[in-house]
Amino acid sequence: MTFWNNPINFIGYWLNGVLTGWHLPAVLATLLIYVIGIIVMILFAMTLDIGLVWVERKVVARFQDRLGPNRIGPFGLIQPVADIIKMVIKEDITPDGADKIVYNIAPVLAATSVIVLWAILPLASTIYGVDLNVGLLFIVAAGALGTLAIIMAGWSSNNKYALLGAFRMVSNMISYEIPMVIILLIPTILADTMSVRGITQAQSGMWFAILSPLALLIFLISAIAELGRSPFDLNEAESEIVAGFHIEYTGMKFGWFYAGELLHAFTFGGFIAILFFGGYGGFFGLEKLAAFAWLNIPFVQALVFIAKAMFGYWVIMWVKYSVPRIRIDHMLAFNWKFLVPLSLVVLVNTALLNKILIVLPNWLYVLGMFGSNIVIGYVTVEILRAYGRKQRKAEQIPDPQAHTQEQAV
Amino acid sequence: MQNEWLYIGLFLVIGIIVPVVPLVFARLVAPRKPNPIKQSTYECGIETVGESWVQFKAQYYVFALVFLVFDVESVFLFPWALTLKQLPLFVVLEGVLFIGILVAGLVYAWRKGMLEWV
Amino acid sequence: MTAEQIIFLLTGALVLGAALMVVTVRNLLHAALWLVVSLFGVAVLYAILQANFLAVVQVVVYIGAIAILFIFAVMLTRREAMEKGRQTRNNWWIPVLLGLFILTGLVVLILSVPGVERTATALPSGLDTVQALGMALVSPDAYVLPFEVASVLMLAALVGAVYVATADKK
Amino acid sequence: MSIPLSWYLVLAAALFCVGLYGVLSRKNAIAILLGVELMLNAVNINLVAFWRYQNPTQMAGQAFAVIVFAVAAAEVAVGLALIISVYRRRKTIVADEIDLMKW
């Protein structure tokens, strides 16, 4: 074991030696090493979070044909630091009639519910916090705490907009949690484990994105909805309810909601990478070749993971800045009448085919899984088109295709 | 006790402390000059009318109800999903039956018009 | 006293303290939030007992779903459930006496059972409790019937709740 | 693994009695349901503790706890739906005042 192939354990053993050398009891030394490891992990996440503020602002600027922050530091890189200083020294206002204790707990809980996800996030094969055998449900459990934080914020602010925003956000989050939980079953079935690390390793030969592209799509949609990002951002709809559940929050308390949302988006990008794109690995067996042995170095794996997570995050931003907000009835109908049935169909399909096709040779298995997803997707689109046609006929709206031909003439 | 839960517990505790630190720091350095106008409820500058407790649609509640049932059932599918590799095909069918009963509930709620917003 | 015992005692105090707040606090929304704290403590107990699946399910189902439903219900009926006024019946001391009586009886009963002071043995190595639970829930000679009946129960609950909710829509 | 079984059982008994007190003493129907939740959780602690201390390879305790989760969820769904329905008609959720079927 060297620093380069197992850095965490290497430093852990070294620290253990140092601490027991100071005549600390072994239990206390282990505990202290845990605490140091956790603090390093959280500080890494927080530093990344500060970077994400810059990335987010820069990317949205490019999407909207602007420059973005470019005054403070090279390319405006110091801008987030200035933002943080501003937030910390701003006056903290607690509105009249607010439920003070609940009001103050809510932003902390919102941030914690995101930070705690990093306990199970494997950055590389040897850099991870803990390999929980119920990892996937842990993600859902952390999301439950986030939901609670939002309802606490909305209720305690004593503000109509905050309450409305919280209700919209919570009904949004709980509705889209259903397709998400159902889709989380698909990597579980394919990898035969709920451990996040086990799922990553199960994809070293084949990404689950290829075995079940529909699951990836549904997971992406429900992840965006869980984050409350556009097009599901009606919880903070500026033009109607101003800012939603965090309307009364100022200074650093607002800062935690904002930072939590950004880190949450990145973390979900990371989970998309882990569940469907092989996380830190997934090189289709390339890393077994001697020429590509460097892919097994933990730091390279961590870079690969962060690159994949950034890509997922970028897709989430891309959707956010390109799609307009949808109405709440559309949002709920889309979930319950479309996503939930579709995800159940995908689940049954995966469970059955995975059992039946597993005896076949590998390429046929992959082809069968991929093909079945394509068939389901095609049938779904056909059903939607037929429904749309019927609906237009009922409401006497001319067919859009005929309409465009008319205009062309 | 397993070390993994100890780790998660410590992570949770430190995950609470980390957001609290800047808040405490802000409390020390930020100015505090409260006045009634500043602390009044923000409604885009207009005077607040009535209490903040507006009557909201009961439909929110109905969706929470449907959610509860689906959440519990889909969580129960996880142990089932972990056994598929070892056990024969009829175990898959047991799960499909379970999902079928779930779908029956969804169809009922749909037909009853509970999934409509208005 | 070992570290594990200290953690257990702290968690137990949290669970009981929060539970007492649930049954005494006047503001119903605070009662619901205290219930969340208490149930989270129970999840920690499951984690100490190495029931990993139940620990996370406790958080997902109780905090993520049941507590949310309670909070929604409190908000819908808040005008009545205002924090003003007493929340307990006039004869509140009868339940106190009854509770204390049952508690004493139970504790005496528990402590009189032989072998109740024993500690747990280590889990057999290589036992994945989640997978074993799955096996138990789907194998026909174990609990497949309760498992399917549970889904029928949920269906019945959904139909009943939806029916009650639609009945007064008209 | 240094905790005696009796600690769990006593804690569960205490939680059960606190829940019982809540059920019997509260006026508000929602608060009564909160007490019921506490009682169900006390039962679950017992079930899981027995699973762990008797024979961990026998999953009966955990399987039973899972069923209790389902029962708790069903109870909350129907119970709260009834309470809200009653509230809409009678504008009260004080359990003593909902006495139309008393006689």
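**Close-up views of a predicted four-chain model**

**View 1. Surroundings of Leu68(B).** Neighbours within four places in sequence left aside, Leu68(B) is in contact with Ala65(C), Ile66(C), Leu69(C), Ala73(D), Val76(D) and Ala77(D); a contact means that two C-beta atoms, placed from the backbone, lie within 7 Å. The model is predicted: local features need pLDDT of at least 70 and side-chain atom pairs count only at pLDDT 80 or more, while totals for chains, interfaces and linings use all residues. Residues are numbered from 1 along each chain as its sequence is written, and chains are lettered from A and ligands numbered from 1 in the order in which they are written.

**View 2. The largest nonpolar core.** This core has 265 residues, and those with the most contacts inside it are Leu137(A), Leu68(B), Ala32(C), Leu69(C), Ala73(D) and Ala77(D). A nonpolar core is a set of buried Ala, Val, Leu, Ile, Met, Phe, Trp, Tyr and Cys residues joined through C-beta atoms within 7 Å. Buried means 20 or more other C-beta atoms within 10 Å of the residue's own, exposed 12 or fewer, and partly exposed in between, with C-beta atoms placed from the backbone.

**View 3. Chain C against chain D.** Among the five pairs of chains in contact, chains C and D share the most contacts. Here 76 residues of chain C meet 64 residues of chain D in contact. On the chain C side, α6(C) gives the most, with eleven residues; helices (H or I, at least four residues) and strands (E, at least two) are DSSP runs numbered from the N terminus. That side divides into 59 nonpolar, eleven polar and six charged residues. Ala, Val, Leu, Ile, Met, Phe, Trp, Tyr, Cys and Pro count as nonpolar, Asp, Glu, Lys and Arg as charged, and the others, Gly among them, as polar.

**View 4. Chain B against chain A.** The contact involves 56 residues from chain B and 62 residues from chain A. On the chain B side, α1(B) provides the largest share, 18 residues. By class, this side of chain B has 42 nonpolar, seven polar and seven charged residues. No contact joins chain A and chain D, and their closest C-alpha atoms lie 15 Å apart.

**View 5. Helix α3 of chain A.** In α3(A), residues 79-88, the buried residues are Gln79(A), Pro80(A) and Met87(A). They lie on the same side of α3(A) because they cover an arc of only 95° around the axis, the arc being that of the directions from the helix axis to the C-beta atoms. Their cover includes α2 (26-63) and α11 (251-276) of chain A.
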